[in-house]
Amino acid sequence: MIPASFEYHRPRSLDEAIGLLAQHGEDARVVAGGHSLIPMMKLRLAKPEHLVDLQDLDELRGIRSEPDAVIIAALATQHELIGAELLAAKCPIIRETALQIADPQVRYCGTLGGNVANGDPGNDMPAVMVALGATYRVKGRGGERDIPARDFYEGAYSTALREGDILVAVRIPMPADGHGYAYEKQKRKVGDYATAAAAVVLTMSGGVCSSAAIALTNVADTPLFAKEAGEAVVGTAVDEAAISEAARRAQHIASPSADGRGPADFRTHVAGIMVRRALARAKERAG
Amino acid sequence: MAKMHIALRVNNRQVETLAEPRILLIHLLREELGITGPHIGCDTSHCGACTVDMNGRSVKSCTVFAAQAHGAEIITIEGLASADGSLHPLQEAFREHHGLQCGFCTPGMITRAYRLLQEIPNPSEAEIRHGIAGNLCRCTGYQTIVRAIRAAAERLNMPKEAAE
Amino acid sequence: MSAEIESAQARTQKLEGLGTRRKRVEDARFTQGKGNYIDDLKLPGMLFGDFVRSPYGHARVKSINKDAALELPGVKAVLTADDLKPLKLHWMPTLAGDVQAVLADEKVLFQGQEVAFVVAEDRYIAADAVDLVEVDYEELPALVDPTKSMAADAPVLRDDLKDKTSGAHGPRKHHNHVFTWEVGDAEGTARALRDAAVIAKERIVYQRVHPCPLETCGCVASMDKVNGHLTMWGTFQAPHAVRTVASLISGIPEHKIRIISPDIGGGFGNKVGVYPGYICSIVASIVLGVPVKWVEDRMENLQATAFARDYHMTGEIAATRDGRVTGLRCHVLADHGAFDACADPAKYPAGFFSICTGSYDIPVAHVTVDGVYTNKAPGGVAYRCSFRVTEASYFIERMIDVLARKLDIDPAEIRRRNLIRKDQFPYQSALGWEYDSGDYQTALDKALSAVGYAALRDEQRRNRDAFRRGETRKLMGIGVSFFTEIVGAGPIKNCDILGLGMFDSCEIRVHPTGSAIARLGTISQGQGHATTFAQILASEIGIPAANITVEEGDTDTAPYGLGTYGSRSTPVAGAATAMAGRKIRAKAQMIAAYLLEVHDDDLEWDVDRFRVKGAPERSKTMTELAFAAYNNVPPGMEPGLEAVSYYDPPNMTYPFGAYVCVVDIDVDTGVTEIRRFYALDDCGTRINPMIIEGQVHGGLTEALAIAMGQEMEYDEYGNLKNASLLDFFLPTAVETPNWETDYTTTPSPHHPIGAKGVGESPNVGGVSAISNAVNDAFAHLGLTHTQMPHDHWRVWKTAQRLGLTAA
């Protein structure tokens with residue numbers, strides 16, 4: 001329960017932070033909310049020699065909107081996401097998801113940036129960002145670039161981030177007014193990672209689905225964009241037949257590992273149920 | 001690594017100390033500062049026995065480095081009573097409603113409830129249960145804890161004249 | 001003139017005695033963060049100890065290199081088995097007549113086993129040093145399936161027992177065999193099964209779990225070399241027993257050892273035994289001459305300290321066509337892990353499992369238990385189990401339901417037909433217990449009426465129809481459990497721990513100004529003894545509970561007792577308290593007679609005073625008598641007002657209860673919601689109803705955890721898969737429902753105040769009620785039994801097997 005030693009840095013600007021990461025290379029890790037990294041350090045599964053604390057970087061705070069996007073800076077905590085009226089009005093799936101992450105104390109500290117950037121397949125926000133078609137703004141020694149969430153995840157704890165990169169903001173294309181949404185998560189208890197979870201964002205027009213994006217959490221070593229599952233409901237009334245087909249296609253791409261939450265076949269089955277229930281709720285909510 | 005200077009406010013008192021950056025806040029409080037109210041119940045940030053109120057947030061002090069707490073304002077269970085020694089309504093309600101048995105989860109639980117009642121001054125039972133979902137208890141089964149928090153909320157919400 | 005004397009009722013209320021919902025005196029310190037737990041203790045010069053532990057479930061230790069660790073600044077010592085050998089402390093006796101390695105001696109036998117003990121200036125340096133100790137292991141095949149422990153080709157686990165053909169409990173038939181224990185009538189039971197109109201057979205596993213109190217185990221050992229005196233503070237549920245054991249194994253005479261249990265953050269049986277950390281801390285303190293603290297972390301607690309259950313039971317029940325049980329047979333395969341460290345009374349290697357005829361009038365029964373070794377942590381008896389009563393009760397409550405299914409008789413009805421009748425008490429069970437008292441029919445009637453049982457069954461019928469028609473995907477289950485448990489160990493003639501009879505004690509001293517101090521041989525870990533034992537005394541001696549200090553846990557001052565576990569404090573120490581109180585009152589009566597110039601027999605007791613019969617205005621209060629005891633006693637009488645009682649109970653006590661649980665199961669996800677839980681407990685005389693309710697809530701929540709998600713599972717290499725709170729299920733306030741509590745009161749006829757104890761009842765009855773409810777939800781589809789824990793995937797698999805899930 002005791003971490004190994006490290007040197008601690010608390011930069012006062014993003015440039016200073018990037019400089020520190022460049023200087024120390026693979027021996028350095030950033031810490032934001034700390035509730036993914038510090039537990040790993042306490043188990044000595046992570047032993048960074050340099051810890052770069054981002055807490056003083058106000059430029060990494062804030063939730064704002066532009067006409068065609070919602071922009072959330074990386075240090076926004078889950079607690080702040082839950083309380084943000086802008087998000088409740090414009091992109092409510094975020095609040096619904098944040099409320100199902102961890103517990104109140106962890107949500108006070110855990111950040112959106114941390115949740116989407118570290119590549120932990122159990123994290124919930126990656127699938128939501130994948131479903132929303134979000135992009136991640138990343139800054140490093142070499143400058144800044146935007147990476148679509150759907151291209152970001154490569155494997156367990158492996159992402160498109162290069163050494164020295166910091167994820168600074170998440171940009172979400174403004175969801176249409178009256179869109180339907182749901183994040184459906186089955187877990188063993190409050191605070192657990194998902195046995196399986198599904199994020200659904202869709203739009204209906206005249207009783208017919210005009211767009212749909214479905215993504216899955218914790219049933220593979222990355223979040224899964226269930227593209228074909230989403231296509232199964234577009235152009236339909238999101239009726240039982242369409243929902244069943246979407247669930248079937250989602251299960252087809254799931255490859256969860258067996259763990260305390262259950263054997264692989266059970267978790268794949270649950271993924272299908274989560275897709276069903278998320279689609280039903282999203283349809284109900286769609287204006 | 002070399003010790004660093006850490007200054008913070010704990011229970012309204014300014015404290016300064018030298019500590020290695022890796023010292024967990026819970027250990028700084030318990031070992032360095034003699035504040036033994038918050039407890040350690042696990043190693044994976046689940047149990048919440050270490051909960052303190054840091055900069056107006058409920059935080060598990062086992063998952064924060066003391067270095068990160070430099071400059072912070074922290075309240076622990078020891079800081080909840082008033083300056084004149086009178087107990088916080090939560091402390092009284094826990095006794096009144098048998099909201100504790102072995103007492104080990106109690107400091108973290110009450111400190112969390114303190115912040116919960118600032119977030120939601122009049123919480124329903126469901127809001128209380130979700131509000132304390134980061135605090136485990138093995139003795140009480142939570143039912144009397146929920147009652148105690150409800151009772152404290154009522155007392156805190158009473159208009160001042162009625163309370164006197 | 002005498003002042004107006006308040007009514008008896010008013011004076012009784014002021015006492016806050018038996019039956020009062022007295023608020024707890026402990027709460028003042030706990031709600032202000034002023035508790036005194038072991039890790040709060042700091043002594044000058046104190047060092048910190050930490051273990052190097054085996055990553056393997058079974059391996060030879062080829063070599064241990066301490067050099068790098070010893071070179072780290074701040075490290076004071078690294079102990080291995082070789083360092084303990086000259087002191088003969090590398091092995092220690094267990095409470096079950098076995099031995100346990102304090103530090104691994106050439107071999108490790110379970111993942112997490114202690115291999116070396118590092119002592120350093122603080123816990124950070126100790127943790128770094130632990131990483132620097134180099135241990136060379138040669139991995140061996142691990143044995144984790146107890147059904148394979150006694151296979152002909154099973155690996156030898158205990159090299160130290162290889163040639164021993166007998167152990168503490170009789171002959172050993174295999175190198176991995178611990179004991180075989182048998183009770184009952186083999187011949188008669190076999191005949192009953194042969195001749196039965198109906199028999200049902202089932203295999204029922206009570207999975208390995210762990211008590212997981214929120215505070216882990218720990219100690220501070222401080223050897224005063226100048227005076228040859230050892231003081232040890234620690235998480236000890238039985239401080240006097242620890243003192244005696246420490247003396248026997250260390251050679252330090254008992255009068256030079258002081259054991260102190262400070263505030264303990266939950267015990268639940270996890271803190272009864274002696275752990276390697278305690279021994280290593282003592283040795284380190286002796287060697288280094290300073291206090292040494294050891295406090296384990298949560299993963300160490302789960303990996304290496306006393307687990308619970310792991311009983312694999314095969315039951316056969318014989319009955320008539322209308323469900324009257326005529327015989328019961330049970331075979332248990334008991335997985336004891338690597339060392340038999342069960343905290344049972346010495347004569348009972350399977351604890352009180354023979355209570356497994358339960359609440360039913362079963363004429364003949366036979367039980368055999370085979371204990372075996374595996375590559376898992378040692379222990380077995382813990383977690384609110386009353387010495388295996390949880391296993392026994394789960395067994396019979398499931399078997400009776402299995403029988404009910406077979407005969408298509410309602411589970412409540414079949415219980416009604418078999419419950420021991422009130423006129424049969426005291427009842428001699430077929431397996432040798434004398435149940436003290438009970439009125440089971442009244443309790444069952446009250447429970448069924450309170451929940452509206454008939455209406456619930458109607459609702460279930462409608463739910464099943466709706467499910468068949470595809471209108472719902474949820475199945476409703478109703479679980480009934482009627483448990484009898486056996487607590488209050490126990491009569492010295494058959495209950496002892498390592499030869500120490502299981503009596504308990506209370507010593508009282510009344511001060512001149514009318515307040516008192518009482519000390520007991522028990523130790524609270526949250527049960528509120530400082531509050532409740534004062535209530536017992538208040539009612540006995542007429543001094544307000546608020547004026548009675550109750551102390552426990554310091555072996556220098558507390559009278560000898562066997563500690564707190566197995567719900568024994570109220571039955572045994574509570575009795576001692578009442579008896580000591582009566583001695584106080586008897587002496588006070590003689591003083592009163594002397595002062596009032598009457599004969600002893602002319603006085604009658606009235607709440608808080610003695611009155612002269614026929615002249616009630618002539619009285620002496622206990623407060624007046626206390627002062628008189630110090631200056632005005634009858635000639636020939638010693639001054640002072642104190643008494644001590646060592647109570648050897650004539651029998652155990654038998655609390656019982658009727659629980660009903662209603663669940664709704666989502667067949668597509670396996671998620672089970674407890675819609676309602678009603679618990680009626682009969683613990684005899686109720687000392688403090690508020691505290692009883694708290695005990696029931698807590699015990700039911702632990703039962704929920706066990707029934708719905710807890711297990712300690714090992715893979716084939718001996719890796720423990722649930723070594724942290726990520727995977728070991730502890731419910732939060734969200735998973736925990738509201739518990740409805742109710743009661744009847746059937747006093748124990750042999751207990752001075754009729755009290756039976758209640759702490760463990762909810763865990764005994766709760767698991768059965770919940771598990772029966774889950775099983776009941778599928779019973780109409782042919783399910784006879786599904787194993788715990790009833791977590792999502794297992795429930796779904798059951799639904800799948802029964803053909804209920806689509807695709």
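Helices (H or I, at least four residues) and strands (E, at least two) are DSSP runs, numbered from the N terminus.

**Ground rules**

This is a predicted model, where local features need pLDDT of at least 70, side-chain atom pairs count only at pLDDT 80 or more, and totals for chains, interfaces and linings use all residues. Residues are numbered from 1 along each chain as its sequence is written, and chains are lettered from A and ligands numbered from 1 in the order in which they are written.

**Entry 1: H15 and H16 of chain C**

I started with helix H15 (residues 569-596) and helix H16 (residues 622-629) of chain C, whose axes come within 10 Å and cross at roughly 85 degrees. H15(C) and H16(C) are therefore roughly perpendicular to each other.

Which residues make the contact? From H15(C) I listed Ala588(C), Ile591(C), Ala592(C) and Leu595(C), and from H16(C) Met622(C), Leu625(C), Ala628(C) and Ala629(C). I count two residues as in contact if their C-beta atoms, placed from the backbone, lie within 7 Å. By class, this contact has 8 nonpolar, no polar and no charged residues. The classes go like this: Ala, Val, Leu, Ile, Met, Phe, Trp, Tyr, Cys and Pro are nonpolar, Asp, Glu, Lys and Arg are charged, and the others, Gly among them, are polar.

**Entry 2: H10 and H11 of chain C**

Next I looked up helix H10 (residues 389-407) and helix H11 (residues 411-418) of chain C, which pack at an angle of about 110 degrees with their axes 9 Å apart. H10(C) and H11(C) are therefore roughly perpendicular to each other. Their crossing is right-handed (left-handed if the near helix is turned anticlockwise from the far one by less than a right angle, right-handed if clockwise).

H10(C) puts in Ile400(C), Asp401(C), Leu403(C) and Ala404(C), and H11(C) answers with Pro411(C), Ile414(C) and Arg415(C). I get 5 nonpolar, no polar and 2 charged residues in the contact of H10(C) with H11(C).

**Entry 3: the sheet in chain C**

I then traced an open sheet of 5 strands in chain C, in the order E11-E20-E19-E18-E12, with mixed pairing. Two strands pair if DSSP finds at least two bridges between them. Strand E11 (177-184) and strand E12 (198-206) of chain C are at the edges with a single partner strand each, so one side of each has no neighbour in the sheet. The twist averages 10 degrees from one strand to the next.

E11(C) runs antiparallel to strand E20 (residues 365-372) of chain C, and 7 bridges join the two. I picked out Phe179(C), whose bridge partner in E20(C) is Gly371(C). Helix H6 (residues 186-195) of chain C lies across E11, E12, strand E18 (311-319), strand E19 (325-335) and E20 of chain C, at about 120 degrees to E19(C).

**Entry 4: inside chain B**

I moved to chain B, which is divided into domain 1 (4-79) and domain 2 (89-163); such bounds come from an automatic or database domain assignment. The C-alpha centres of these two domains of chain B lie 22 Å apart. In the contact, 16 residues of domain 1 of chain B meet 12 residues of domain 2 of chain B. On the domain 1 side, strand E3 (51-54) and strand E4 (57-60) of chain B give two or more residues. E3(B) has the largest share, 3 residues. I noted 6 nonpolar, 8 polar and 2 charged residues on that side.

**Entry 5: chain A**

Last, I read off the domains of chain A: domain 1 (7-52), domain 2 (61-172) and domain 3 (181-285). The centres of domain 1 and domain 3 of chain A, taken over C-alpha atoms, are separated by 35 Å.

Technical notes: Axes fitted to C-alpha atoms, helices over the stretch in contact; angles between N-to-C directions. Parallel < 35°, antiparallel > 145°, perpendicular 65-115°, else oblique.
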